[in-house]
Amino acid sequence: MDGIIDFAYAIPVIGFVFQFVGYIIAVLPDIAPILLRAAVPIAFAALCGVLCERSGVVNIGIEGTMLTAAFVGWSSGVFLLPVIGTATGLPFGATPVLLVSLALALGAGLLVSLLHAWLSISVKADQIISGTIINIAALGITGYLNTLLARSSPVGAGAFARIDTPDFVRDIPLIGWVFEAIFAQGPIAISLIVVVIAFQVLLFRSRWGLRTRAVGEHPRAAETVGVNVIRMRYRNVLVAGLLAGLGGAFLSMEATASFQPGMTAGRGFIGLAAMIVGRWTPLGAFGAALLFASSLGIGQSIKIVPPTGELGVFLGTLPGQFFDALPYVVTIVVLAGLIGRSIPPAADGQPYEREAAS
Amino acid sequence: MEPPTVEAPTAVHAPALEMRGITKRYPGVVANDQIDLEVRPGEIHALLGENGAGKTTLMNVLYGLARPDEGQILLDGEEVHLTGPSDAIHRGISMVHQHFMLVPVLSVAENIVLGEETMAGPVFLDRKEADRRIIELGRRFGFEVDPEAKVGSLSVGWQQRVEILKALYREARILVLDEPTAVLTPQETEEIFAVLRRLAAEGHSIVFISHKLYEVLEIADRITVIRRGRVVGQRLPAETNEDDLAELMVGREVNLTVDRGESSPGETVLKIEGLRVNDDRGHEVVRGVDLQIRAGEILGIAGVAGNGQDELVEGLIGLRRPAGGRVTLNGKDITGKPVRSVYGEGVAYVPADRHRFGLVLSFPLTDNMVLTSYYQSPYARGILRDDAAIRALADERIEQFDVRTPSADVRAGTLSGGNQQKVIVAREFARDLQLLILDQPTRGLDVGSIEFIHRQAIAKRDAGTAILLVSAELDEVLELSDRVAVMYGGRIVGEVDGRSANKNEVGLLMATGGREGGDARTPDASGGTAA
Amino acid sequence: MALARRAWAIVALPLIAIILSIITGIIVIVASELLVRQQFNPGLAIDAYVALITGSIGTEAAIINTLVSATPLLLGGLSVGLAFKAGLFNIGAQGQFLIGALAAVAAGIQLRESPVIVAIPLTLLAGMIGGAVWGFIPGLLKATSGAHEVVTTIMLNFVAIATLAAMVAGPLDSPGSASPITRDVGNASLPIIFGRNGHAGILIAPLIAVLYGFLMFRTTRGFEIRVAGANPDAARYAGMSPRRLVIWSMTVAGMLAGMAGATELMGVTRHMTASYGTTVGFDAIAVALLGRTNPLGIVLAALLFGAMRSGSAAMQIQAGVPAELVGVLQATILFFLVASPVIQRVFRLRGAQAGLDEASTFTRTYSGDAAIR
């Protein structure tokens, strides 16, 4: 077996592909949990996008929503820490202050998306402009408040912890690492899996799902059979805001325990790309998010633990920033390659005019 | 689900539906002015009026989509206040809209149950039960429907049946059909009429909205005519005729047929040989078309929408690359040439979708008037535009073609449909043309504008232009064309003389392409039947 | 009288938006002071605005500073504005700015000893080409594959940051310094014309604005761009090629943003570090929206935002209010502009022009409703 592998590696040019595959196979069990973790914010952003666009609302402001939630989650911890305290004993290292902060972060996601919903649905402003304003505003306000806060050397409330998988799970031959990757995570990451499955089932088999899809494809048809288009859109955008809030809270309360200005780093937009690649389905969006996260994760992995052999030498000559840029380049390539064949909900982005005011 | 008991029409009962003194005002216009309408159980009652007369507003009021400023609605003699479509549906009123309210990507079953979903528990849908009910309902009215088919893949006639099923699924007692035959062939129209008569026999009341006189005379038990928001007359079909109804509809004596005179065609201007064109998805929808048009002649293409007409025109003019075949204009090969060079050969095109292709609604009339000529002198010298020349042109054309507008600076979007079409006509008709292509030129227009445009077309013909007319209105095609070609499944399946054409014959060709029989199973959009 | 009414109709909404945002700013300053330091200090807001105003137009130096800040905003605003007119949303002005600066510094270093009359134009040209390339890519992608420029340009922004860092740390790094830094561009710098830092770019930018106006409203190409932006289907019907116009527009927009980056580099910093960057790209969006994609409006909006930016440093130093407040003010101005139908009702304005006409096109192309063919 080894002889065959060495032979494959030695083939000029194509050998690099084999070396690369071999590298990934070798390194995957170790980086799988990291990949999943990197996918979480992207996936939540993508799910938020799916819910909004399936209802007919374009939401470019997911990035700003996540950023706001991340900031609110962390800064609430700073303020509430002396007040609420850190009595432990709950799973995931969930202290009361963390729980309250999480609730506030979700509330922030809710409020920001309420703003977008109001501008898009009631004011009927252009939805891309509305989303961009939210992004600019979020960047400004969080940066502003963060600068103010930083002056007083704030102490955060920590972060949610991951559960330890029992040894027997880890030792399952061949696929043990998959289970570990899924379960050796914090609460928000695990909730992602639940949300994806639930959302996928509900969207295509429940009454709510049917009405949502109708509203996003042909709102007037839905209205004529008695579905309240405006109310459905508002509700869905608000729930989507909760999803974005989870994504943002993950960044500052689970993946790390702090806030950096602009820490979303484009994940909101990569999430939109994942939504498109995933054909506006929750499961597809999750898969696409994993794909994009992989480019991020593998890039980092190559930087830190480069592959051996010629491939490693070659990759070592590339500047470190190449791997920083990799996920963004991958996004562009995938988007350009696939978008021609993907069709969004028909009424996406079009404000809905009620037939006649009563 | 039991059908309602049959009521003998002569029994003295309260009418199933009565609308009394309905008045509805919108800013600047009274859409409905003291309208009375009364429909008995088991009756097919036609509401006749031209575009913009107020029929749709009245039905929106009935359906709960609009609240009347004055007046009452009574169902079975009892006054009701409708709060919205849900309310109307629950009271047994169902509407089949002119532009189908169907979601193309959803299945037949999903479209039918939407809003009145058949549930398995509080959250999830019960697909099996819904499918079962739908199949059964279809059978009762004589057609087999596949509940899982995607609505977008159905032919227009079948989509209409789905719309009717939607109403019946909700146990509607009063069915309102808004221009139901606008997109049907004569054969499909007969089939729908048969369904309607069965429904009426079972006691349903039907309100049939239309502007097509002969249909109304054929199907209705009573006819109410509306003009400018008011009821101007009520007739029994036996007591009236088309001319009488037309006069009521328009308010003056109407020449139903434009005097088109004799045409004296000259040389062949346009020759299409074996043209093949693909649609956006790469399917071949124009499958080898041969046509010829001579100077001073109008060739009309009749056909149900979706048989390749749009792609034929686009392939002809350069908006779409043909996949094969040849197009020659006065002997010159123009196959696949870009639009602008085709225009330059003396071709003009009045598009079917005037908002989408013909105008830029947010731009002033001046810009719209030079939309296809802005780069030519005198409107531009090199890359510099000459605003004065553009303005002069616009003013002149507006005058010439009687476009009703306060000035040439207003945005095109503020004009009425008829005036918008006049702008396009003014722009395209006002030069010497070899070939003029008219695509649905009078869709949605009022009678006055229709007359105007028909006269302009005849004038162009008499001036020697070859005209290609594509229209879904068979009447319009038969009225204007010197020759009529029928398009079915991407091919020309028949050509007849315009004057001597038998409407039923043409309609049969449109519906079947010359093959035997129709089919009661759900066919797909290309006209073939699902395997 | 009619002229005054027309002027009011155009100016009313932006003016009200600005006033409302000033009020919002006061609220934000006071509220955050309350929240973070548990102090109620309305005077702080007054101090902040006073510092903002003096720091932007209070002295001759301040005014020059404002003009210098406004220059890249003006060019960036024209870039975004042109894209808007074409029905495109150029959020990538940021990346095009950076690449333009990068190309300028690379060329400038080569030309640092050359005669000024050669060095300056060539370096400027390099910046324009760099930006044009960075605009061409998303334009091409949009025209051929339909990939919406909103996502691709933002991705390219991040790629630009990484590219810049890699270049400055690598080939462009000047030897003999601990942290990555390039040499300065010597003779390729824009000469100082006014005061201490008023560089020649201050005069170039308004000139470009005039050219922009001329292009958009007096030429056939401008007409084509506007038609394609308003209704791509009608553009095809009219014999135009929306596809080619999209590529052309994004390339020229990239060129303008690249010029912004080049002039900023050549006039202000004259060299580059690995973390070179400003938020000019996003401010340019605000400028274009506030200026209604109209050349005069963009000039005024650029001056306003340039003033805010210039004064924000003084505001931070003198009043202790973080400079990011300016970002908040910008966002609220845009918010009130976007919510204009509501404002119109509240202030009973009739005839005031609302929003952005071309906006519907870029949303429709995003959702695939209008295809670029």
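Okay, let's start with a rule: two strands count as paired if DSSP finds at least two bridges between them. Helices (H or I, at least four residues) and strands (E, at least two) are DSSP runs, numbered from the N terminus.

A quick word on what we're looking at. This is a predicted model, where local features need pLDDT of at least 70, side-chain atom pairs count only at pLDDT 80 or more, and totals for chains, interfaces and linings use all residues. Residues are numbered from 1 along each chain as its sequence is written, while chains are lettered from A and ligands numbered from 1 in the order in which they are written.

So, chain B. In β5(B), B:Val80 is the bridge partner of B:Ile73. Zoom out, and you get an open sheet of 4 strands in the order β2-β1-β4-β5, with antiparallel pairing. Which strands sit at the edges? Those are β2 (29-39) and β5 (78-80) of chain B, each pairing on one side only.

Next, chain A. Its secondary structure comes to 15 helices and 0 strands. The C-alpha atoms of chain A fill a box of roughly 80 × 55 × 40 Å along the principal axes. Of its 358 residues, 54% are buried, and buried means that 20 or more other C-beta atoms lie within 10 Å of the residue's own; exposed is 12 or fewer, partly exposed is in between, and C-beta atoms are placed from the backbone.

Now, where do A and B meet? Here 20 residues of chain A are in contact with 23 residues of chain B, contact meaning that the C-beta atoms, placed from the backbone, lie within 7 Å. On the chain A side, α9 (207-217) and α10 (219-224) each supply at least two residues. α9(A) gives the most, with 6 residues.

Last stop, chain C. Where is C:Leu88? Look in the loop between α3 (60-85) and α4 (93-110) of chain C. Why does C:Leu88 count as buried? Because C:Leu88 has 32 C-beta neighbours inside 10 Å. Also, C:Leu88 and C:Lys142 are 54 residues apart along the chain, and their C-alpha atoms are separated by 9.6 Å.

Conventions: Two residues are in contact if their C-beta atoms, placed from the backbone, lie within 7 Å.
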